[in-house]
Amino acid sequence: MMDNSEFEKFIAERLAKLPRKSIPSGDKVSVWLKIQANLRQTRLEAVRTRRILGLVPAFHFGRLVIGALAIVIALGAVGAAGKASEGSLPGDTLYSVKRATEQVETIFAINPESKVKIGIKHAQTRLAEVQSLVEQNKQPDVVAQAVADLKSTTEQVINAASGSQPELVDNAVQLVNQEKQVLATVQDKAAGDAKTAIQDAIASSAQSLDKLQGSDQGAVVKGTATEQAGNASSTNATISPSGKTTDKDGVIQSNMQIQDVTKVDQNGNPHPENPTILSEPSVGF
Amino acid sequence: MARDSDNQQNVQALVQKALQGDESAFGQIYDLYFEKLYRFVFYRVNHKEAAEDLVSETFIRIWSSRSQIKGAGAFNAWVYQIARNLVIDYYRARKTIVDLQELENVLEYEDNVVDRTNLDFEQKTFLAALDKLGSDQQLVIKLKFLDELENEEIAKLLDKTEGAIRVIQHRAIAELKKLLENTHDGQ
């Protein structure tokens, strides 16, 4: 015979298992947009009321101004939806709005510098999402997907920053170090696929740092012989085991950097030597 | 349990921010509450668009009256009370003769929830026993276990104290147990 608390659980289970009539699912996003429109309208009416009371100067609106206002209000609707979605996490309904807002930011990033900066901002957002998901004990597959998104966003930053201005490379290095640090603090709280994904991401960070720091040290300046030497394989040139390249016209080019002084040995191989320093000319000018 | 308690604290913190005018927090509250509130309203109006309109109006009223909500703890109860009042207004607008008692019964909705076409013998027996409870007891059991509301929310909806709801629930469970045992013995 069950006691009352066991019976309460029994009732709860019975009622939960009763077959329910299927109901059409509600359109969560369109309902939210309706709420947003109302909040915006309320704000506009509040401004109008203050104007009527003489608290805000009245303007005589021409057609162009009304048109501009309509665009501002429409952008405000998007912005408001975007703002409301800022704190959302993967799996939340408004998360798709958040990602759509980021895509708009990416589209408007025209030059390489802004692409890297926007990429870093988005990667930091992905990182914060991973941290929140782990701390909130979300499902491991959701966390693993968030980590995959983080890796993908970071790779894009690294590809954009590699070989570019040193300041952007530094920013990318800082991002990768930040990711390593945060992922290291959360990996013990994660489980299953999530933990594996985080550990892989930490390992990838080390490789990313190598790539960035390698690109920084051997930064190729476009239009120089160093670049051309490095790009030799992309021309019709062939590379011989001795390090010399031979282009289609049979001209032998060396892969050695132009500032090195070389002489060719008996086998025709480049042979670096210490340069001879000539004395100052004795004849005055 | 610790996880549930952490989640509850997170929700309370979000609610507090929303009550202070944080639109981003309000959006997250909407995300958390939408499904359960939509089901609560739909079971009472049985119409998708009407339910969506009533849910949006519920959140609009929550936002506009947020200064009157005394703290995050009262928030849940406030949500369901606003929704229930809007459902009553919905029916008022559609009826020429208003029977307040009939309208109050919008909280009764069982026919809209349970699909009675393919119940097995045990399920039929269980529902038959439930139907024999007093109306207050039935309502509390259904709100608690079908709508999954907390005692605080049920108390606000029925305009009773939480203590009164616990007593009703306790008596309903005891009565239901007796009815089911008698049915079992009678077989």
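What span should the 24 residues of helix α5 of chain A have at 1.5 Å a residue, and how far apart are its end C-alpha atoms?

## Helix α5 of chain A

The model described here is predicted. Helix α5 of chain A covers residues 112–135, and at 1.5 Å a residue it should span 34 Å; its end C-alpha atoms are 35 Å apart, so the two values agree. Buried residues of α5(A) include Val116(A), Ile118(A), Gly119(A), Ile120(A), His122(A) and Ala123(A). The list of buried positions in this helix also contains Arg126(A), Leu127(A), Glu129(A), Val130(A), Leu133(A) and Val134(A).

Gln124(A) is likewise a residue of helix α5 of chain A. Its relative accessibility is 35%, and Gln124(A) therefore counts as partly exposed. When neighbours within four places in sequence are left aside, Gln124(A) is in contact with Leu175(A) and Gln178(A). Between the C-alpha atoms of Gln124(A) and Thr154(A) the separation is 9.0 Å, although the two residues are 30 residues apart along the chain.

Most residues other than glycine have a negative phi. Asn137(A) counts as partly exposed because its relative accessibility is 37%.

In chain B, Glu148(B) is not a glycine, yet it has a positive phi of about 60 degrees. Its place is the loop between α8 and α9 of chain B. With a relative accessible area of 43%, Glu148(B) is partly exposed.

## Chain B as a whole

The secondary structure of chain B consists of 10 helices and zero strands. Chain B has 187 residues, of which 49% count as buried. Among the contacts in chain B with a separation of 6 or more, 59% are accounted for by residues 24 or more positions apart.

## Helix α3 of chain B and helix α4 of chain B

Two packed helices are described by the angle between their axes and the distance between the axes. For α3(B) and helix α4 of chain B, residues 75–94, the angle is about 130 degrees and the axes are 9 Å apart. The two helices are therefore oblique to each other. Their crossing is right-handed.

On the side of α3(B), the contact is made by Ala50(B), Leu54(B), Glu57(B), Thr58(B), Arg61(B) and Ile62(B). They meet Phe75(B), Val79(B), Ile82(B), Ala83(B), Leu86(B), Val87(B), Asp89(B) and Tyr90(B) in α4(B). Sorted by class, the contact of α3(B) with α4(B) has 10 nonpolar, one polar and three charged residues.

## Helix α8 and helix α9 of chain B

The helices on either side of the Glu148(B) loop are α8 and α9 of chain B. Helix α8 (residues 135–145) and helix α9 (residues 151–158) of chain B pack at an angle of about 135 degrees, and their axes are 10 Å apart. The relation between α8(B) and α9(B) is therefore oblique. They cross in a right-handed manner.

Leu139(B), Val140(B), Leu143(B) and Lys144(B) of α8(B) make this contact with Asn151(B), Ile154(B), Leu157(B) and Leu158(B) of α9(B). Six of the residues in the contact of α8(B) with α9(B) are nonpolar, one is polar and one is charged.

## Contacts between the two chains

Helix α3 of chain B, residues 48–64, also packs with helix α2 of chain A, residues 28–52: the axes come within 9 Å and cross at roughly 40 degrees. It follows that α2(A) and α3(B) are oblique to each other. The crossing of α2(A) with α3(B) is right-handed. From α2(A), the residues in contact are Val31(A), Lys34(A), Ile35(A), Asn38(A) and Leu39(A). Their partners in α3(B) are Glu52(B), Asp53(B), Val55(B), Ser56(B), Phe59(B), Ile60(B) and Trp63(B). The contact of α2(A) with α3(B) comprises seven nonpolar, two polar and three charged residues.

Met2(A) lies in the segment before α1 of chain A, a helix of residues 4–17. Apart from neighbours within four places in sequence, Met2(A) is in contact with Phe7(A), Phe10(A) and Lys177(B). Its relative accessibility of 34% means that Met2(A) counts as partly exposed.

Key:
Residues numbered from 1 in each chain as written. Chains lettered and ligands numbered in written order. Predicted model: local features only at pLDDT ≥ 70, side-chain atom pairs only at ≥ 80, totals over all residues. Heavy atoms only, no water. Axes fitted to C-alpha atoms, helices over the stretch in contact; angles between N-to-C directions. Helix = DSSP H or I, 4+ residues; strand = E, 2+ residues; numbered from the N terminus. Parallel < 35°, antiparallel > 145°, perpendicular 65-115°, else oblique. Left-handed = near helix turned anticlockwise from the far one by under 90°. Contact = heavy atoms within 4.5 Å. Nonpolar A, V, L, I, M, F, W, Y, C, P; charged D, E, K, R; others polar. Expected span 1.5 Å × (residues − 1). Buried < 20%, exposed > 50% of the residue type's maximum accessible area, 1.4 Å probe, protein only.
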